[in-house]
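I opened the model to take notes on its fold, its cores and its helix contacts. My entries follow in the order I looked things up.

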Amino acid sequence: MAEILKSAGKPAREAEKPPRERILEAACKLFYAHGIRGVSVDEVAAAAQTNKMTLYRHFVSKDLLVADYLRMLSAEAEAGWAAIARAHPGHPCAQLDMWIDQTGEMLAKAGDRGCAVANAAVELPEKDHPARAVIEEHKTHQRNHLAALCRDAGFANPEQLADEIFLLLEGARINMQSVGKCGPGARIAEMLRNMIKASPRN
């Protein structure tokens, strides 16, 4: 972890960013690399080139920092859906195809840590944790985006197809985390295309 702490605090321009932004960026790197439970508030503050007092001024508790970290990831995912829609306006099949390409690329680059949001769900089983609502909302939105595309693309059973795509992706993420890029999860794009090709249309 020492290497990450050093690299997170090195560039001078990083220190010019607002403290809240630096804290979230540091939390993102550390939580993903080492797990939420495995990283202390002191380590996040050090990586963000600030102190614990400043961190608590922006985030009342570590739990709320975790929730905002996950909101940031969710916002990035939503921005990705918006970019896909802009790239292929009015063409749901092309949007779905672009999403599959991006999904395969992201899994290939993710290494062995899988999905940050899914990892958080495993680490934070308490239903009253402030991050739980963020996790559930994010996953629901991702599935609903898929359902909307499947519906607009004219598939006969769009809700079922969206569920199958979503669950296959979730499984691929876990597979990549457990056995790495040599496992079947690396073939997620191919599997998704075969599933979609075999799905009946109206």
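**Entry 1: ground rule.** I count two residues as in contact when heavy atoms lie within 4.5 Å. This is a predicted model, so I keep that in mind throughout.

**Entry 2: F31.** I started with F31. Which residues does F31 contact, leaving aside its neighbours within four places in sequence? I found I36, V39, V44, K62, L65, V66, Y69 and R113.

**Entry 3: the cores.** Next I looked up the largest nonpolar core. It has 30 residues. F31, V44, L65, Y69 and L70 have the most contacts inside it.

**Entry 4: the whole chain.** I stepped back to the protein chain. I counted eleven helices and zero strands. From the N terminus on, the elements run α-α-α-α-α-α-α-α-α-α-α. The C-alpha trace spans about 60 × 35 × 35 Å along its principal axes. Of the 202 residues, 39% count as buried. I also checked contacts with a separation of 6 or more: residues 24 or more positions apart account for 66% of them.

**Entry 5: helix 8 against helix 9.** How do helix 8 and helix 9 cross? Their axes come within 10 Å, at roughly 140 degrees. Helix 8 is therefore oblique to helix 9, as the label roughly antiparallel needs an angle over 145 degrees. The crossing of helix 8 and helix 9 is left-handed. I listed the residues that meet: V117, A118, A120 and A121 in helix 8, and R132, I135, H138 and K139 in helix 9. By class, this contact has five nonpolar, one polar and two charged residues.

**Entry 6: N119.** I stayed in helix 8 for N119. Is N119 buried or exposed? N119 has a relative accessible area of 10%, so it is buried; the cut-off is under 20%. Not counting residues up to four places away in sequence, N119 touches Y32, R113, G114 and Q177.

**Entry 7: helix 9 against helix 10.** I moved on to helix 9 (residues 130-152) and helix 10 (residues 158-179). Their axes come within 8 Å and cross at roughly 135 degrees. That makes helix 9 oblique to helix 10. The crossing of helix 9 and helix 10 is right-handed. From helix 9, the contact takes in K139, Q142, R143, L146, A147, C150 and R151. From helix 10, I noted P158, E159, L161, A162, D163, I165, F166, E170 and R173. The residues of this contact divide into eight nonpolar, one polar and seven charged.

**Entry 8: Q49.** Last, I looked at a backbone angle. Phi of Q49 is near 55 degrees, a positive value in a residue other than glycine. Where is Q49 placed? Q49 is in the loop between helix 4 and helix 5 (52-58). Its relative accessibility is 34%, so Q49 counts as partly exposed.

Key:
Residues numbered from 1 in each chain as written. Predicted model: local features only at pLDDT ≥ 70, side-chain atom pairs only at ≥ 80, totals over all residues. Heavy atoms only, no water. Axes fitted to C-alpha atoms, helices over the stretch in contact; angles between N-to-C directions. Helix = DSSP H or I, 4+ residues; strand = E, 2+ residues; numbered from the N terminus. Parallel < 35°, antiparallel > 145°, perpendicular 65-115°, else oblique. Left-handed = near helix turned anticlockwise from the far one by under 90°. Nonpolar A, V, L, I, M, F, W, Y, C, P; charged D, E, K, R; others polar. Core = buried A, V, L, I, M, F, W, Y, C linked by side-chain atoms within 4.5 Å. Buried < 20%, exposed > 50% of the residue type's maximum accessible area, 1.4 Å probe, protein only.
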